[in-house]
Amino acid sequence: MALNKPYSDIPGTTIFDADMARIGFHLNQFAMSLMKAQNRERFKADERAYLDEWSMTEEQKQAVLDRDYNRMMSLGGNVYFLAKIFSTDGLSFQFAAATMTGMTQPEYAQMMLDGGRSPEGNLYKNEPNKGAS
Amino acid sequence: MAKITAGVTTSHVPAIGAALDNGKANEEYWKPVFAGYDYSKKWIAEQKPDVIILVYNDHASAFSLDLIPTFALGCGEKYKPADEGWGPRPVPDVYSHQELASHIAQSVITDDFDLTVVNTMDVDHGLTVPLSLMFGQTDAWPCKVIPLAVNVVLYPPPSGQRCYDLGKALRRAVESFDEDLNVQIWGTGGMSHQLQGPRAGLINKEFDNNFLDKIVSDPEALAKVPHINYVREAGSEGVELVMWLIMRGALNDKVTQKHRFYHVPASNTAVGHLILENK
């Protein structure tokens with residue numbers, strides 16, 4: 001019997017469960033490698049060549065090259081692992097989060113200052129939606 | 001006899017550490033965050049704990065996908081701040097009370113909780129930001145720290161009930177240690193936040209404030225809340241809050257709330273903080 005995944009109807013959210021961890025194993029381990037300064041330098045010098053050292057799918061590699069974080073997460077990436085990529089780029093968690101929402105960082109930062117994204121309309125996929133999809 | 005005298009909960013937002021380390025603590029954005037810990041710094045200077053059992057989660061720093069322990073108790077001599085991608089935080093190394101840590105491991109495992117023992121690991125912002133918030137910038141942490149890392153990155157994390165019950169086992173362990181020690185237990189992480197996907201930035205003040213109420217007054221009921229409520233209502237990363245239940249389980253049923261603080265935002269996150277003393 002399939003496991004119950006009640007979180008599949010949360011809008012705009014990918015829960016990093018054991019199935020996603022299996023799909024994203026090499027992507028996340030690549031990201032983890034960027035915790036070493038020497039690997040960061042090698043990655044920055046030639047991103048494509050560095051990615052080709054890992055058993056990632058072409059889709060995963062392209063998502064990294066595009067810095068498309070939502071795509072990386074749909075392909076098994078976990079945000080704490082992917083954080084090593086935007087840290088290597090010298091970018092903050094808030095910047096990366098903003099790109100995932102389609103907002104600019106100033107727009108996103110203002111939303112947070114205004115109290116954050118409201119739970120109203122954002123708890124179930126089938127309810128009227130206010131921003132997240 | 002060693003005794004758990006108090007519990008502290010706090011968020012462990014990495015940007016708080018970065019603000020301190022980069023001299024931004026007096027900026028308008030950060031002032032209200034740090035002001036929420038003014039009382040706490042005075043309180044802990046008076047309390048002078050000998051040892052803190054610090055419950056936190058690793059954020060893909062010490063544990064990659066190679067190995068994901070659900071509960072990992074640090075039994076090593078000391079731990080260095082992790083390089084999380086931009087160099088280690090400029091904070092002191094963390095020294096453990098190794099005899100107590102190994103006593104806890106033996107007691108808790110015998111008590112049916114299958115802990116993983118870790119002797120070598122670096123500790124990331126999940127552990128060092130709470131120390132910075134409570135002790136400020138210092139050349140050496142003023143007490144010993146025993147890390148207890150909980151998996152909340154790979155879903156599912158341990159249940160709220162399991163965390164609460166582990167807290168009770170930790171208390172039995174501490175109270176069966178012969179040396180006279182003033183021990184505190186800290187539960188960190190939360191509160192509501194989501195760092196990923198189109199719903200990033202979710203904050204749920206009602207959920208958070210209810211959690212702050214219930215963890216003091218009715219932790220038994222709170223321990224029964226399933227994961228889906230956390231991830232749906234408090235954001236995918238809000239599920240870190242189960243770690244607070246380990247802290248609460250280790251305290252008396254009745255506690256005195258000495259301090260409560262709540263603030264939005266710190267970067268992407270709602271900051272919550274409690275100080276509870278055993279009655």
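Predicted model: local features only at pLDDT ≥ 70, side-chain atom pairs only at ≥ 80, totals over all residues.
1. **Chain A, make-up.** Chain A is helical: nine helices, zero strands. Read from the N terminus, its elements run α-α-α-α-α-α-α-α-α. Along the principal axes, the C-alpha atoms of chain A fill a box of roughly 45 × 45 × 20 Å.

2. **Interface, extent.** Interface size is often quoted as the accessible area lost when the parts come together. Here chain A and chain B bury about 3,800 Å² between them. Carbon and sulfur atoms account for 61% of that area. In residue terms, 46 residues of chain A are in contact with 41 residues of chain B.

3. **Interface, polar part.** Between chain A and chain B, 24 residue pairs are in polar contact, with both residues at pLDDT 80 or more. The rule also finds two salt bridges across this interface. One of the two involves B:Arg232 and A:Asp9. The closest N and O atoms of B:Arg232 and A:Asp9 are 3.0 Å apart.

4. Which helices of chain A each supply at least two residues of the side that touches chain B? They are helix H1 (18-23), helix H2 (25-33), helix H6 (69-74), helix H7 (79-88), helix H8 (93-101) and helix H9 (105-113). By class, the side of chain A that touches chain B holds 26 nonpolar residues, 15 polar ones and five charged ones.

5. **Chain B, the sheet.** Strands of a sheet pair through backbone hydrogen bonds, either parallel or antiparallel. In chain B, eight strands form an open sheet with mixed pairing. The strand order is S6-S3-S7-S2-S8-S1-S10-S9. Strand S6 (116-118) and strand S9 (255-266) of chain B are the edges, and each pairs on one side only. On average, neighbouring strands of this sheet are turned by 20° against each other, direction ignored.

6. How many bridges join S9(B) to strand S10 (residues 269-278) of chain B? There are nine, and the two strands run antiparallel. B:Ala266 has B:Thr269 in S10(B) as its bridge partner.

7. Helix H7 (residues 205-217) of chain B lies across S9 and S10 of chain B. Helix H7 of chain B runs at about 165° to S9(B). Take care with the label: chain A also has a helix H7, at 79-88, and that one supplies residues to the side touching chain B.

Conventions
Residues numbered from 1 in each chain as written. Chains lettered and ligands numbered in written order. Heavy atoms only, no water. Contact = heavy atoms within 4.5 Å. Buried area = accessible area lost by both parts, 1.4 Å probe. Salt bridge = Lys/Arg side-chain N within 4 Å of Asp/Glu carboxyl O. Polar contact = N/O pair within 3.5 Å; in protein donor to acceptor, adjacent residues only side chain to side chain. Helix = DSSP H or I, 4+ residues; strand = E, 2+ residues; numbered from the N terminus. Nonpolar A, V, L, I, M, F, W, Y, C, P; charged D, E, K, R; others polar. Pairing = 2+ DSSP bridges. Axes fitted to C-alpha atoms, helices over the stretch in contact; angles between N-to-C directions.
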